[in-house]
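Me: I would like to go through this model and ask, for each term applied to it, what the term rests on.

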Amino acid sequence: MTPPARTQAAIELLDQIIAAARESGAAADTLIARYFQTRRYAGSKDRRAVRELVYAAIRKAGDRPETGRAAMLLVADADPDVAATFDDTTHAPAPIAKDEPRARAGVAPQWLSKALRASGLDGAALTDLAGRATLDLRVNTLTSDRATVLAALPEAEATPHAPDGIRLPTGTNVEALPLFNEGALEVQDEGSQIVGLAMQAKPGERIVDLCAGAGGKTLALAATMENQGVILACDTDRNRLSRLAPRATRAGTTIVESRLLNPTREIEALSEWAGRADGVLVDAPCSGTGTWRRNPEARWRLTPDRVSRLQSTQQQVLSVAATLVKPGGALVYIVCSLLDAEGTDQVSWFLNAHPGWTIEALSLPAGAKHGHGVRLEPGRDGTDGFFVARLRAAC
């Protein structure tokens with residue numbers, strides 16, 4: 001592909017991504033993969049170049065653009081080489097017209113930027129939300145240790161905060177690594193590793209991971225518990241939860257049970273666990289404002305109404321979790337969001353709605369105290385953004 005053809009391909013992909021964001025369709029990565037499945041003539045360098053153009057445009061556009069071309073013009077304005085590809089040659093985009101409208105540059109839609117500023121983020125802290133993510137992995141201490149893995153992978157380095165984390169060069173094919181296939185490694189952002197430590201799980205305990213998804217934090221808990229005790233991993237998403245079993249087998253974890261839940265009927269499905277869990281981890285569904293480094297187009301999918309619905313879901317899940325914790329047990333609330341409406345404000349709601357619970361101070365390898373818990377920020381901590389709080393049930 002010629003440079004102009006790459007730019008045109010990026011514009012076409014951006015049109016698809018914008019439509020998907022508007023209509024709650026497939027994620028950008030999925031759309032890019034589908035695009036090139038039908039364009040076998042594009043080599044690996046072409047695919048990489050187009051992908052970089054697409055994500056450069058996504059990161060620059062705060063509001064959801066009207067068109068892919070309007071988004072790509074932001075890249076052209078900052079890069080003369082890209083601007084030169086708008087030359088109207090074969091497979092090239094048409095020349096840039098004088099005063100042609102551009103997408104609005106920014107970190108996020110204006111309403112969302114305002115909410116983030118009200119939550120204590122501004123300046124560089126806001127800009128860093130749409131930066132580039134690192135490739136972090138967690139060493140599975142059931143089968144190996146960090147020193148052994150670092151010795152086997154000269155290109156790896158220890159993460160600065162998480163005790164079992166390593167960092168590989170972006171673009172590394174992790175699934176091709178023998179250590180990965182042997183179960184010694186799991187892909188997990190350093191921030192995710194850190195907030196999971198708030199559970200303080202111990203060998204022999206009974207823990208519920210109430211929103212387990214594909215089980216990243218579940219497997220980390222199993223390693224912390226030295227594969228002793230019981231972890232019940234739950235979710236309402238069958239597809240995500242189905243990925244846990246093969247991951248657990250690869251990791252050598254035998255203490256994990258999984259359970260698919262019916263939304264709004266969780267308490268009924270978990271009746272035998274009522275008041276019996278030493279700890280419950282709630283990694284709640286949220287806006288994902290802390291993960292824009294990995295999914296920058298997610299900014300375009302959010303609306304005030306969607307955030308409001310997520311808040312209702314978070315409160316419902318917290319209420320379910322409260323019924324499962326034994327007297328004196330712990331509840332850990334995590335969101336990969338930097339909005340106070342989904343973080344510390346939800347803890348305030350929980351304390352008002354559930355008398356007898358108390359906040360416990362957290363000491364984590366990174367992050368800073370924020371409201372009722374600790375917040376990790378991409379710019380300050382070099383991780384995805386998270387809020388985490390630990391609550392204790394009355395004895």
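Reply: A helix here is a DSSP run of H or I with at least four residues. The model is a predicted one, and in it Asp 381 belongs to helix H17, which covers residues 378-381.

Me: Why is Asp 381 called buried?

Reply: Buried means a relative accessible area under 20%, and Asp 381 has 9%, so Asp 381 is buried.

Me: How do you know that a polar contact joins the side chains of Asp 381 and Arg 380?

Reply: The cut-off for a pair of N or O atoms is 3.5 Å, and residues adjacent in sequence count only if both atoms are side-chain atoms; the contact between Asp 381 and Arg 380 joins their side chains at 3.1 Å, and therefore it qualifies.

Me: Which residues is Asp 381 in contact with, leaving aside neighbours within four places in sequence?

Reply: Asp 381 is in contact with His 161, Ala 366, Gly 367, Arg 375 and Leu 376.

Me: What makes the protein chain as compact as a globular protein of its length?

Reply: The protein chain, with its 17 helices and 13 strands, has a radius of gyration of 22 Å, close to the 21 Å that the globule rule gives for 395 residues, so the chain is as compact as a globular protein of that length.

Me: Which residues touch the most other members of the largest nonpolar core?

Reply: Of its 61 residues, these are Val 208, Leu 210, Val 280, Val 282, Leu 331, Tyr 333 and Val 388, while strand E9 (residues 325-335) gives the most to this core, with 7 residues.

Methods
Residues are numbered from 1 along each chain as its sequence is written. This is a predicted model: local features need pLDDT of at least 70, side-chain atom pairs count only at pLDDT 80 or more; totals for chains, interfaces and linings use all residues. Side-chain values use heavy atoms; hydrogens and water are left out. Helices (H or I, at least four residues) and strands (E, at least two) are DSSP runs, numbered from the N terminus. Buried means under 20% relative accessible area, exposed over 50%, partly exposed in between (1.4 Å probe, protein chains only). A polar contact is a pair of N or O atoms within 3.5 Å; within protein, one must be able to donate a hydrogen and the other to accept it, and residues adjacent in sequence count only if both atoms are side-chain atoms. Contact means heavy atoms within 4.5 Å. A nonpolar core is a set of buried Ala, Val, Leu, Ile, Met, Phe, Trp, Tyr and Cys residues joined through side-chain atoms within 4.5 Å. The radius of gyration is taken over C-alpha atoms; the globule rule is 2.2 Å times the number of residues to the power 0.38.
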